[in-house]
Amino acid sequence: MEKITNKNNNKNYNQKNQPNNDLLKLSKIALIVLYVLTMVALIGVSIYSVILSNQNYQLKQNMKQNFTENGEVKIIDNESSVVAFSMVNNIVSGVEYPQKVTINANNLKKDSRIRAKANVISSDGDIHNVKLVVDANWIIGDDGYYYYKNLVVPADNFELCGRVELPIGFSIENQNENKHVLVVTVETLPNNYDVITSVWISAPNSWLIAIS
């Protein structure tokens, strides 16, 4: 009888402690999962830190070099004036580069309104819009042009941009051959509301108010 009682007691003891054992097992599994997730997170943070550090280093290196040589666009009445620059190697999309471009109105005969845009022709022949980093005297239109707020008079000389930025996704194939070309175009029209609204149909309304 005693042996049977002991067996029953052990059975009852095991049944009572089964939930505790299950809980202990779940706790161990949870700790293991937490440990694994923590390690994965630490590895991810380490990788991200390395990538960020490399990007910052590359950005600092790019900031030290000129994107292209500085230059100017000589504008004339009722015409488009274009200037092209060859681009440096090691070009990175989404990065701003020093690129000073000025407007030269020495050949202008009459007071005019102007707008400007910039494109880059990659080595594989693709054409991409380029962001110009301009001051408060310029208004960026939905058509990709930058409209100068002020009236331009003959012999004016002023800055178009101080920096440029290539769009994300810009093709950098064959970049070491240095075949990329930055093209800056500046257009002029007489200071006439009717003429401007019929030719530059996407001119910003806030810009046109100053003319009307």
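Two strands count as paired if DSSP finds at least two bridges between them, and the helices (H or I, at least four residues) and strands (E, at least two) are themselves DSSP runs, numbered from the N terminus.

**View 1. An open sheet of 4 strands in a predicted model.** The sheet has the strand order β1-β3-β9-β6, with mixed pairing. β1 (71-74) and β6 (131-133) stand at its edges with a single partner strand each, so one side of each is left without a neighbour in the sheet. Neighbouring strands of this sheet are turned by 40° against each other on average, direction ignored, where the axes are lines fitted to C-alpha atoms and angles between N-to-C directions run from 0 to 180 degrees. The model is predicted, and local features need pLDDT of at least 70, side-chain atom pairs count only at pLDDT 80 or more, and totals for chains, interfaces and linings use all residues.

View 2. Strands of a sheet pair through backbone hydrogen bonds, either parallel or antiparallel. Strand β3 (residues 96-104) and strand β9 (residues 157-165) pair in the antiparallel sense, over 7 bridges. Along this pair, T102 has E159 of β9 as its bridge partner, and N104 stands opposite N157 in β9. β1 and β3, by contrast, run parallel and are joined by 4 bridges, with V101 in β3 as the bridge partner of G71.

View 3. N119 is found in strand β4 (residues 112-121). With a relative accessibility of 13%, N119 counts as buried, a term that stands for under 20% relative accessible area, as against exposed for over 50% and partly exposed in between (1.4 Å probe, protein chains only). The side chains of N119 and N129 are joined by a polar contact of 2.9 Å, that is, a pair of N or O atoms within 3.5 Å of which, within protein, one must be able to donate a hydrogen and the other to accept it, residues adjacent in sequence counting only if both atoms are side-chain atoms. Leaving aside residues up to four places away in sequence, N119 touches I127, H128, N129, V130, V181, L182 and V183, contact meaning heavy atoms within 4.5 Å.

**View 4. The chain as a whole.** The chain has 3 helices and 10 strands, and of its 212 residues, 32% count as buried.

Technical notes. Residues are numbered from 1 along each chain as its sequence is written. Side-chain values use heavy atoms; hydrogens and water are left out.
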